[in-house]
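Subject: Structure handover

Hello,

Here is the structure I said I would pass on. My notes on what was found in it follow below.

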Amino acid sequence: MGDNSEMLVDGGNTPLAHALGGDPPAVLIVEDSENSASLLEIAFLQIPGLSVLLASSAFEALRILHRPGPAVRAIVTDLNMPRMDGFEMIRAIREDRALSSTPIIVVSADTDPATPERIAQLGVSAFFPKPYSPAQVTRKLEQILDGTIQ
């Protein structure tokens, strides 16, 4: 696949860009670790036509989500961040009518046994404990973008 218009969804009948209203899909990575953000960005850029946005804090992520520009089709976030953690950011997104249905993938080193249940209650699409495989996260993101899962 060379560009976004060649990526097909709906059983291979509809180009991804057309299925998403003509805008190239964007994913927002929310991660305060530059190394972790870079690993995800490199993996996600293997998805043809995908735009990757980066935020180093939950506050920056919320600003990006509310500014004009490409619509963010999915969010991949860490939980442990300064000032506002991932739980608070996810709650804010879920309470915002314009953003509430945005799929969210969590990647985190959080070892609290209650974390998977807490994020499930917030409607998170997937949870990958660190260390995780960027390839597995990318496959899950592709499933979300092509509409096979939410």
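At what angle do helix α2 and helix α6 pack, and how far apart are their axes? Before the answer, please keep in mind that this is a predicted model. Helix α2 covers residues 34-44 and helix α6 covers residues 134-145; the two pack at about 55 degrees, and their axes are 9 Å apart. That angle is why α2 counts as oblique to α6. The crossing of α2 past α6 is right-handed. On the α2 side the contact consists of L39, L40, A43 and F44, and on the α6 side of P134, V137, T138 and L141. Sorted by class, these come to seven nonpolar residues, one polar residue and no charged ones.

Overall layout

The chain has six helices and seven strands. Starting at the N terminus, their order is β-β-α-β-α-β-α-β-α-β-α-β-α. The chain is 150 residues long, and 45% of them count as buried. Taking contacts between residues at least 6 apart in sequence, 62% join residues that are at least 24 apart.

From α3 the contact takes A58, A61, L62 and L65, and from α4 it takes M89, A92 and I93. The residues here divide into seven nonpolar, no polar and no charged.

In soluble globular proteins, nonpolar side chains tend to be buried together. The largest nonpolar core in this model has 25 residues, and the members that touch the most others are L28, L65, I75, M89 and I93. Two or more residues come from each of β3 (26-30), β4 (51-55), α3 (58-66), β5 (72-77), α4 (86-95) and β6 (104-108). The biggest share is that of α3, which supplies five. There is also a second, separate core of 20 residues, with A37, A126, Y132 and L145 among them.

Beyond its neighbours within four places in sequence, M89 is in contact with V30, A58, A61, L62, I75, T77 and M84.

I104 lies in strand β6. Its relative accessible area is 0%, so I104 is buried. Leaving out residues up to four places away in sequence, I104 touches I75, T77, I90, I93, R94, V124, S125 and A126. I104 and I144 are 40 residues apart along the chain, while their C-alpha atoms are separated by 9.4 Å.

F128 sits in strand β7. Buried means under 20% relative accessible area, so F128, at 13%, counts as buried. Its contacts, again not counting residues up to four places away in sequence, are I105, V106, V107, S108, Q136, V137 and K140. F128 and D78 are 50 residues apart along the chain, with 9.7 Å between their C-alpha atoms.

An exposed helix residue

H66 is placed in helix α3. Is H66 buried or exposed? Its relative accessibility is 51%, so H66 counts as exposed. L99 is 33 residues from H66 in sequence and 8.9 Å away in space, C-alpha to C-alpha.

Backbone points to check

Most residues other than glycine have a negative phi, and most peptide bonds are trans. P131 belongs to the loop between β7 (126-129) and α6. R83 is in the loop between β5 and α4. With a relative accessible area of 73%, R83 is exposed.

Regards

Terms used
Residues are numbered from 1 along each chain as its sequence is written. This is a predicted model: local features need pLDDT of at least 70, side-chain atom pairs count only at pLDDT 80 or more; totals for chains, interfaces and linings use all residues. Side-chain values use heavy atoms; hydrogens and water are left out. Axes are lines fitted to C-alpha atoms, for helices over the stretch in contact, and angles run from 0 to 180 degrees between N-to-C directions. Helices (H or I, at least four residues) and strands (E, at least two) are DSSP runs, numbered from the N terminus. Angles under 35 degrees count as roughly parallel, over 145 as roughly antiparallel, 65 to 115 as roughly perpendicular and the rest as oblique. A crossing is left-handed if the near helix is turned anticlockwise from the far one by less than a right angle, and right-handed if clockwise. Contact means heavy atoms within 4.5 Å. Ala, Val, Leu, Ile, Met, Phe, Trp, Tyr, Cys and Pro count as nonpolar, Asp, Glu, Lys and Arg as charged, and the others, Gly among them, as polar. A nonpolar core is a set of buried Ala, Val, Leu, Ile, Met, Phe, Trp, Tyr and Cys residues joined through side-chain atoms within 4.5 Å. Buried means under 20% relative accessible area, exposed over 50%, partly exposed in between (1.4 Å probe, protein chains only).
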